Amino acid sequence: MTMLAERVDVVIGVDTHKHTHTAAVVTAGTGAAVEDLTVKQRLFADLSRHLGPTAILATNTSSLSIDDIGQLASRRERVVGMHFFNPVEKMPLVEVIAGSLTGESVVRTATAFARRLGKTPVIVRDAPGFLVNRLLAFY
C-alpha cells in the first residue's frame, strides 16, 4: 500500500444485520487525515483500490462534503461520514453522514458501530454543516 493507506487505523466491525465482517476505515479522530479535501480524496481513492468490496470508508469531518470526499473512491456507495464531537471521550453525539450514493447498509453499520462505542448516533444527509453546525450557526 502507499504511504496514504498506511496512515489510517483499521477497525473491524460486525454488520449485525447480515452477520458479516465489515472493515471500517476511520481516517480521523486519531490525526490520520487532516480536514483537507484533497488529502481525504487521495486517501479514499488509494484505500478503495486496496480494500475489499465490503470495506467501509468512514471519515470524521465537521464541514467537508461526504460526496466530495468520496468523489475519487471506486465504491462511492461505501463512503460515509462519522462526525465525532470534541472532546470525544465526553461528547456522546455522533453525526452519521450519508452521501447521496451511500448505501443504507453502510449507514446502518456506521450507526451500529457508533452505538457499540457508547455514542448516540443521529443520521443526517450530506449538507453544509450537517445538522449540529447548521443549528449552531444561529448562535
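Q: Before we start, what is a salt bridge here?
A: A salt bridge is a side-chain nitrogen of Lys or Arg within 4 Å of a carboxyl oxygen of Asp or Glu.

Q: Thanks! And what kind of model is this?
A: This is a predicted model, where local features need pLDDT of at least 70, side-chain atom pairs count only at pLDDT 80 or more, and totals for chains, interfaces and linings use all residues. Residues are numbered from 1 along each chain as its sequence is written, and side-chain values use heavy atoms, with hydrogens and water left out.

Q: Okay, how many salt bridges are found in the whole structure?
A: The search finds 2 salt bridges. Glu35 pairs with Lys40, with the closest N and O atoms 3.6 Å apart, and Asp46 pairs with Arg49 at 3.4 Å, N to O.

Q: Why do charged side chains pair at all?
A: Side chains of opposite charge can pair when their charged atoms come close.

Q: How far apart are Asp46 and Arg49 in their helix?
A: They are 3 residues apart in helix α2 (residues 37-50), so about one helical turn separates them. Helices (H or I, at least four residues) and strands (E, at least two) are DSSP runs, numbered from the N terminus.

Q: Is Asp46 buried or exposed?
A: Asp46 is buried at 2% relative accessibility, while Arg49 is exposed at 58%. Buried means under 20% relative accessible area, exposed over 50%, and partly exposed in between (1.4 Å probe, protein chains only).

Q: And the other pair, Glu35 and Lys40?
A: Glu35 is partly exposed at 39%, and Lys40 is buried at 0%.

Q: New topic: which residues touch the most other members of the largest nonpolar core?
A: Those are Val80, Met82, Val94, Val96 and Ala110, in a core of 13 residues. A nonpolar core is a set of buried Ala, Val, Leu, Ile, Met, Phe, Trp, Tyr and Cys residues joined through side-chain atoms within 4.5 Å.

Q: Which element gives the largest share of that core?
A: Helix α4 does, with 5 residues.

Q: What does Ala110 touch?
A: Leaving aside neighbours within four places in sequence, Ala110 is in contact (heavy atoms within 4.5 Å) with Val80, Met82 and Val96.

Q: Last one: where is Pro53?
A: Pro53 sits in the loop between α2 and β3 (56-59), and Pro53 is exposed at 61%. Leaving aside neighbours within four places in sequence, Pro53 is in contact with Arg75 and Arg78.
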